[in-house]
Amino acid sequence: MFKKITIGFLALLVLIQFIPAEKNESNDTEFDISKSYNIPDNVATILKVACNDCHTNLTRYPWYSHIQPVKYMLADHVNEGKEHLNFSSFTRLPIAVQNHKFEEVIEMVEEKEMPLESYTYFGLHPEANLSEEERQVLIDWAKEQMAYLAANYPADSLVMKRRTPPSQ
């Protein structure tokens with residue numbers, strides 16, 4: 001019985017290798033954050049090693065990303081990351097949303113919620129383990145971008161509009 005279960009499991013593992021997973025390699029940068037915001041070299045380096053794989057339209061895939069179920073899990077993880085914040089389509093967002101995204105960057109980096117621990121498990125992506133100094137560089141940069149927005153746009157255009165519940 002155990003032998004049949006083992007063979008069935010191995011056959012399933014082989015079969016799922018043929019299930020495709022969408023790759024995040026479009027590199028569409030038409031609305032990239034760098035088109036409207038200053039990104040100093042030190043910030044660009046931090047973003048490249050700690051953020052861009054999940055928060056842009058171009059992911060650098062490691063060798064293990066070709067093996068299911070890891071391939072599917074990575075695709076899902078990248079899609080979810082881009083859903084929350086996509087630097088490649090950042091300037092397509094309304095100004096109030098861009099301002100809010102900078103607030104979220106500050107919060108997530110301060111609270112050490114980003115980069116995700118799962119991104120650096122088992123020594124993977126060691127360069128993404130941000131030092132306190134690197135975290136502060138990102139926080140200061142995001143605050144500078146918010147200050148830039150505040151200096152160049154009316155205050156009411158930087159506030160997210162509250163959603164009113166439908167009347168009953």
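Which exposed residues does the face of α7 turned away from its buried side carry? Glu133 and Ala151. Keep in mind that this is a predicted model. Some notes from going through it follow.

1. Start with the helix itself. α7 runs over residues 132–152. Its 21 residues, at 1.5 Å each, should span 30 Å, and the end C-alpha atoms do sit 30 Å apart, so expectation and model agree.

2. Now the buried side of α7. Arg135, Leu138, Ile139, Trp141, Ala142, Gln145, Met146 and Leu149 are the buried residues here. They cover an arc of only 160 degrees around the axis, which means they lie on the same side of α7. As for partners, the buried residues of α7 pack against α2 (41–50) and α5 (95–110).

3. Gln145 deserves a look of its own. This residue of α7 has a relative accessible area of 5%, so it counts as buried, the cut-off being under 20%. Setting aside neighbours within four places in sequence, Gln145 contacts Tyr37, Asn38 and Phe102. Two of those names, Tyr37 and Phe102, come back below as an aromatic pair.

4. On to the core. The largest nonpolar core has 24 residues, and Ile33, Leu47, Phe87, Phe90, Phe102, Leu138 and Trp141 have the most contacts inside it. α2, α5 and α7 are the elements that give it two or more residues. α7 supplies the largest share, with 6 residues. Phe90, one of the residues with the most contacts in that core, touches Phe31, Ile33, Tyr37, Leu85, Gln98, Lys101 and Phe102, if residues up to four places away in sequence are not counted.

5. Aromatics next: the structure holds 6 aromatic pairs. One of them is Tyr37 with Phe102, edge-to-face, at 5.1 Å centre to centre and 75 degrees between the planes.

6. Tyr37 has a second ring partner, Tyr148. Their centres are 6.1 Å apart and their planes are at 75 degrees, so this pair is edge-to-face too. Tyr37 lies in the loop between α1 and α2 while Tyr148 is in helix α7, so the pair ties together parts that are 111 residues apart in sequence. Stepping back, Tyr37, Phe87, Phe90, Phe102, Trp141 and Tyr148 form one aromatic cluster.

7. One more tyrosine, Tyr64. Where is Tyr64? In the loop between α3 (52–55) and α4 (70–84). Is Tyr64 buried or exposed? Buried, with a relative accessible area of 16%, so under the 20% cut-off. Apart from neighbours within four places in sequence, its contacts are Val70, Leu74, Leu124 and His125.

Conventions. Residues numbered from 1 in each chain as written. Predicted model: local features only at pLDDT ≥ 70, side-chain atom pairs only at ≥ 80, totals over all residues. Heavy atoms only, no water. Helix = DSSP H or I, 4+ residues; strand = E, 2+ residues; numbered from the N terminus. Buried < 20%, exposed > 50% of the residue type's maximum accessible area, 1.4 Å probe, protein only. Contact = heavy atoms within 4.5 Å. Expected span 1.5 Å × (residues − 1). Arc of directions from axis to C-beta. Core = buried A, V, L, I, M, F, W, Y, C linked by side-chain atoms within 4.5 Å. Phe/Tyr/Trp six-rings, centres within 6.5 Å; stacked < 30°, edge-to-face > 60°.
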